[in-house]
Amino acid sequence: MTDAAKVRRHAERVRELVASVVRSQIKDPRLGMITITDARITADLRDATVFYTVLGDAAAQAGTAAALDSAKGMLRSTVGKALGLRHSPTLTFVLDDVQDQVKHIDDLLAAARNADAEVQRLAARAEYAGEAQPYRLDEDDSGTEDEDEPDGTADEARGGDRR
C-alpha cells in the first residue's frame, strides 16, 4: 500500500509537470487559455486525473479538450520520465467547472436572501389571528376553594369530610 503523503506529492508533481508542458511544449492552435487546477492520482499510482479550466465559451472548451486529448501521449511520457515510476500513469483530463458551480451557488444564495426578505416583509405587518393573549388568565385564584364556598359544599363535592 502506498503512503498517502507520497500520493499527494506525486499528484502535485503531475499537476506542475502537465502545466509546464502545456505552457511550453504544446503548440496546438486549438489550445485555449488553460489553467491546470488540480491533479489526483490513484493509490497504486497508475491513473492520474488532471482538472483544468478554460477561459472562453463552449467552442474554446471543446477545442482545448481535443488538443489535450491529442497531446496525451507526449504528456504521459513526460510525466512518467519525471516521476521515475515503473509505470507511467495514464492521464485523464476533466474540465473543472468551478466557475459554473460558483455562479449556481451565488444564484441560490440570492434567491434565499430574496425569500428571507419577503418573509421579513410579511412578518412586519402581520397581526395575531385571535387575541394577543390566547390563554385565559384567572386573576381571582389568590384564595383557597374553602373560602369561595363558606358552607363547605366544595369539600363534600370532592368527597371530603368536614368535622
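Is histidine 10 buried or exposed, and what is its relative accessible area? I opened my notebook with that, and I found histidine 10 buried, with a relative accessible area of 13%. For the cut-offs, I noted that buried means under 20% relative accessible area, exposed over 50%, and partly exposed in between, with a 1.4 Å probe and protein chains only.

**Before going on**

I am reading a predicted model, where local features need pLDDT of at least 70, side-chain atom pairs count only at pLDDT 80 or more, and totals for chains, interfaces and linings use all residues. Residues are numbered from 1 along each chain as its sequence is written, and side-chain values use heavy atoms, with hydrogens and water left out.

**Around histidine 10**

I placed histidine 10 in helix α1. Leaving aside neighbours within four places in sequence, I saw histidine 10 in contact (heavy atoms within 4.5 Å) with Leu45, Leu83 and Leu85.

**The whole chain**

I counted 6 helices and 3 strands in the protein chain. Helices (H or I, at least four residues) and strands (E, at least two) are DSSP runs, numbered from the N terminus. Along the sequence, I read the pattern α-β-β-α-α-β-α-α-α. Of the 163 residues, 22% are buried. Among contacts between residues at least 6 apart in sequence, 59% join residues at least 24 apart.

**The strands**

I started with β1 and β2, which run antiparallel and are joined by 8 bridges. Two strands pair if DSSP finds at least two bridges between them. β1 and β2 form a hairpin with 5 residues between them, and leucine 45 in the turn has a positive phi of about 60 degrees. Leucine 45 is also one of the contacts of histidine 10. On the other pairing, β2 and β3 run in the parallel sense over 6 bridges. There I found phenylalanine 51 opposite valine 94 in β3.

**The core**

Which residues touch the most other members of the largest nonpolar core? I listed Val14, Val18, Val22, Val50, Leu68, Leu75 and Phe93, out of 26 residues in that core. The elements giving two or more residues to this core are α1 (4–24), β1 (33–41), β2 (47–55), α2 (58–70), α3 (72–83) and β3 (90–95). α1 gives the most, with 7 residues. A nonpolar core is a set of buried Ala, Val, Leu, Ile, Met, Phe, Trp, Tyr and Cys residues joined through side-chain atoms within 4.5 Å. In soluble globular proteins, nonpolar side chains tend to be buried together.

I then followed valine 14, which touches Ala39, Ala48, Val50, Val79, Leu83 and Leu91, not counting residues up to four places away in sequence. Two of these names turn up together in the strands, where alanine 39 has valine 50 in β2 as its bridge partner.

**Salt bridges**

I found 7 salt bridges in the structure, each a side-chain nitrogen of Lys or Arg within 4 Å of a carboxyl oxygen of Asp or Glu. One of them joins aspartate 38 and arginine 40 (3.3 Å, N to O); aspartate 38 is partly exposed at 27% relative accessibility, and arginine 40 is exposed at 52%. I also noted glutamate 118 with arginine 121 (2.4 Å, N to O). They are 3 residues apart in helix α4 (residues 98–124), so about one helical turn separates them.
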